2 protein chains.
Amino acid sequence: MSRALPSAADRKTATLEDVARVAGVSRATVSRVINGVRNVDPELQQTVRDAVAATGYVPNGAARSLVTGRAGAVALVVSGTGAAVGDEESTRSQVFTDPFFGRVVSGVFSALRPLGVHPVLMLADDPAAREQVLSYLRQGNADGALVVSTHAEDPLPALLLAAGLPAVLFGRPDEPLPLSCVDVANRDGGRLAADHLAGRGSLLPVTIAGPAEVPAGRDRLAGFREAMARRGHPYVPSAEGNFTQAGGEAAMTRLLAEHPSLDGVFAANDLMARGALSVLADHGRRVPEDVAVVGFDDSSAATVGRPQLTTVRQPVEEMAAEMTRILFAHLAEPAARPTSVLFEPTLVLRASA
Amino acid sequence: MSRALPSAADRKTATLEDVARVAGVSRATVSRVINGVRNVDPELQQTVRDAVAATGYVPNGAARSLVTGRAGAVALVVSGTGAAVGDEESTRSQVFTDPFFGRVVSGVFSALRPLGVHPVLMLADDPAAREQVLSYLRQGNADGALVVSTHAEDPLPALLLAAGLPAVLFGRPDEPLPLSCVDVANRDGGRLAADHLAGRGSLLPVTIAGPAEVPAGRDRLAGFREAMARRGHPYVPSAEGNFTQAGGEAAMTRLLAEHPSLDGVFAANDLMARGALSVLADHGRRVPEDVAVVGFDDSSAATVGRPQLTTVRQPVEEMAAEMTRILFAHLAEPAARPTSVLFEPTLVLRASA
DNA sequence: GAGAGCTGGGAGAGCGCTCTCTCAGCGTGC
DNA sequence: GCACGCTGAGAGAGCGCTCTCCCAGCTCTC
């Protein structure tokens, strides 16, 4: 009964073979039961299940992947980081700390959970890392990629496409690519902000734009300007930020210096809006009495601190979930054409405007 | 030359066999070259490398894992979520949005990157999810687990231990477990905050504590009280928060009602400190003139908004990196005893105190 | 100059699983 | 009554890789 040392059979994890032996059937039958293939006698099924329980059998993922050619994992790639933001470490830290990213992860998770699939986090912030991502996918370690590009001119989407690897993008790429993607109607978002600010009677609205290379930033700016023009503001001063709080502060400082009488600010994301708020406070401007501020995203940055931000909400979680669904649809039907889904932004009214 | 349809050889990815054929050597030799095993003639090595390039060969991860028994991946598990925080979805969102978590991911990444390993993100917020995590590891999909418990009484660490699965915890568990972990000296952190507040001459310091079940929260509170007692404040009023901004606001409101003359606040994390700041502003209290506020973590919440928080910094990135290193040390030497590493917190002075 | 020791490389046995192929057994329909 | 289908189950061929053997051809040493 009791031995000094557990035998090999005891210590090694059970295999299909072991279960088959215990159940008195063939490997194939055990496999059928486990994978829920019909045509197995119910009684036998129970025998097999008992044997599985008795042996503590757990199928080996690698062996299964080897034959099915499916990894049961997807890569969640944060791509194109590392513009001019100083040292590597802090850049990386920033990406994951960005509340926007947290919402993406959250949305991906909720779509992945029912499928029993888990996301593998990857960073593609330099050529080497990019190559790593490609290898990873080519090696079959993940079945496809969910790509969140933080910068345009990101070569990854094109590389994935060229390699024939299944991928879906969050945010449409700089130039049209036959790849599936989800995005928010950034232009409409800009309009929403403009209409609100103008509606409040802003006489000198300004904007803190995203980096010029990022399509999302460009579109928000374009939409904002367009709507403002229609509202009688043919020219709207703007300063560019890099989507970080510090960037927002710098931009706000510049705008304030050049246009001391500004009374409305639209920032292309909440983090920059927060930065703007800080600078405005430092200059003794009351928000929203003296200056109204509208952000974009409705990330946690909108509600952390006072005043809470009026902001253009993008449904990031739903977008991320949709992105995941599209990827799996692609996996199931590789020949299908790329899909693009555009979400509508909404204005969330809070204290700042 | 050109055919209507690519042949099987064209479309299927190359295997070791193909490379071997092209190079005119055996599979074994190609494998040796690829895995950098010595004893291969340099000239032959080049031939093989050329063949690899010519065929576009990429080793198949599953096949490799199957024979090596290594997955080349680790699970990054966020465990024990979902206390009383309402619906699932928002809970999940909160976890990933927490800037603290972003720092953990960042630290894990920097330690994993040189190893060419990627983290698989998992959530273990209910029994089913927990079971999924265990299966995942038992199936060999990941070689070990990095566990960030957000709540004590989290059963996952014990389950991992019982299953003999390699794991390292961030934050020591509620009751001692023979598992490796990294943690910050929370008690010392509490002291740091107390000394600073007392040093500034606070007459009625109060504290917003973490949930009683979380060891980290308990220790921060204990350290704070201890040091305050030594400084002549035998009793420090406290209110409990749940580490969220909303929790901090509620706690601050209560404290303010009960102790209107309070002039110093130590919050067990930055998010709660931010909440406190909001409430203080709503009550017309100036920070730091009327009330000094000290946070804990030095997360991005500390610097988003005004005033910037004076806070007790824990080196989360380094801790996460160390956690990762410990896991791999364990993988290399499974028989070794569990290691625990304790990090020292530091006080970061900013505007709020 | 023969046995010992090394080095470079091939053969081939698996790793644990899925899935096709095959076949036995048992109705059915004309 | 016989060809035909249909269901349930086993045999066995891989999936692509690593790694242990094993062997050929050297160089040494006594």
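This is a predicted model: local features need pLDDT of at least 70, side-chain atom pairs count only at pLDDT 80 or more; totals for chains, interfaces and linings use all residues.
Which residues are the closest to DNA strand C?

**View 1. The protein surface near DNA strand C.**
DNA strand C is surrounded by 25 residues. The closest are A:L16, A:A63, B:T29, B:N39 and B:D41. Both chains take part: α3 and α5 of chain A, together with α3 and α5 of chain B, each give two or more residues to this surface. The largest share comes from α5(A), with five residues. By class, the surface near DNA strand C divides into 13 nonpolar, eight polar and four charged residues.

**View 2. The protein surface near DNA strand D.**
Around DNA strand D there are 26 residues. A:T29, A:N39, A:D41, B:L16 and B:A63 are the closest. At least two residues each come from α3 (27-34) and α5 (61-68) of chain A and from α3 (27-34) and α5 (61-68) of chain B. Here α5(B) provides the largest share, five residues. The surface near DNA strand D has 13 nonpolar, eight polar and five charged residues.

**View 3. The contact between chains A and B.**
Chain A brings 42 residues to the contact, and chain B brings 42 residues. On the side of chain A that touches chain B, at least two residues each come from α5, α6 (88-97), α7 (99-112), β2 (118-124), α8 (127-138) and α13 (270-282) of chain A. The largest share of that side is seven residues, from α7(A). The class count for the side of chain A is 18 nonpolar, 17 polar and seven charged residues.

**View 4. The six-stranded sheet of chain A.**
The strand order is β7-β6-β8-β9-β10-β12 (chain A), in an open sheet with mixed pairing. At the edges stand β7 (238-240) and β12 (346-348) of chain A, each pairing on one side only. Neighbouring strands of this sheet are turned by 20° against each other on average, direction ignored. Strand β6 (residues 205-209) of chain A pairs with β7(A) in the parallel sense, over three bridges. A:T207 stands opposite A:S238 in β7(A). Helix α13(A) lies across β6, β8 (264-267), β9 (292-297) and β10 (310-313) of chain A. The helix α13(A) runs at about 155° to β9(A).

**View 5. The six-stranded sheet of chain B.**
An open sheet of six strands is found in chain B, in the order β7-β6-β8-β9-β10-β12 and with mixed pairing. Its edge strands are β7 (238-240) and β12 (346-348) of chain B, each pairing on one side only. On average, neighbouring strands of this sheet are turned by 20° against each other, direction ignored. β6(B) and β7(B) run parallel and are joined by three bridges. In that pair, B:A209 stands opposite B:E240 in β7(B).

**View 6. Strand β8 of chain B and its two partners.**
Strand β8 (residues 264-267) of chain B sends B:G264 and B:F266 one way, and B:V265 and B:A267 the other way. All four are buried. In a regular strand, side chains alternate between the two faces of the sheet. Strand β6 (residues 205-209) of chain B pairs with β8(B) in the parallel sense over four bridges. B:G264 is the bridge partner of B:P205. Strand β9 (residues 292-297) of chain B runs parallel to β8(B), joined by three bridges. There, B:G264 stands opposite B:A292. From β8(B) the chain crosses to β9(B) through helix α13 (residues 270-282) of chain B, and this β-α-β crossover is right-handed.

**View 7. Helices α10 and α11 on the sheet of chain B.**
Helix α10 (residues 186-199) of chain B lies across β6, β8, β9, β10 (310-313) and β12 of chain B. Its direction is at about 165° to β9(B). Helix α11 (residues 215-230) of chain B lies across β6, β7, β8 and β9 of chain B. The angle between α11 and β6(B) is about 170°.

A:S340 sits in strand β11 (residues 340-343) of chain A. The C-alpha atoms of A:S340 and A:L179 are separated by 8.2 Å, with the two residues 161 residues apart along the chain.

Conventions. Residues are numbered from 1 along each chain as its sequence is written. Chains are lettered from A and ligands numbered from 1 in the order in which they are written. A residue is buried if 20 or more other C-beta atoms lie within 10 Å of its own, exposed if 12 or fewer, and partly exposed in between; C-beta atoms are placed from the backbone. Two strands pair if DSSP finds at least two bridges between them. A crossover is right-handed if, with the strands pointing away from the viewer, the path from the first strand over the helix to the second runs clockwise. Axes are lines fitted to C-alpha atoms, for helices over the stretch in contact, and angles run from 0 to 180 degrees between N-to-C directions. Two residues are in contact if their C-beta atoms, placed from the backbone, lie within 7 Å. A residue is near a molecule or strand if its C-beta atom, placed from the backbone, lies within 6 Å of it. Ala, Val, Leu, Ile, Met, Phe, Trp, Tyr, Cys and Pro count as nonpolar, Asp, Glu, Lys and Arg as charged, and the others, Gly among them, as polar.
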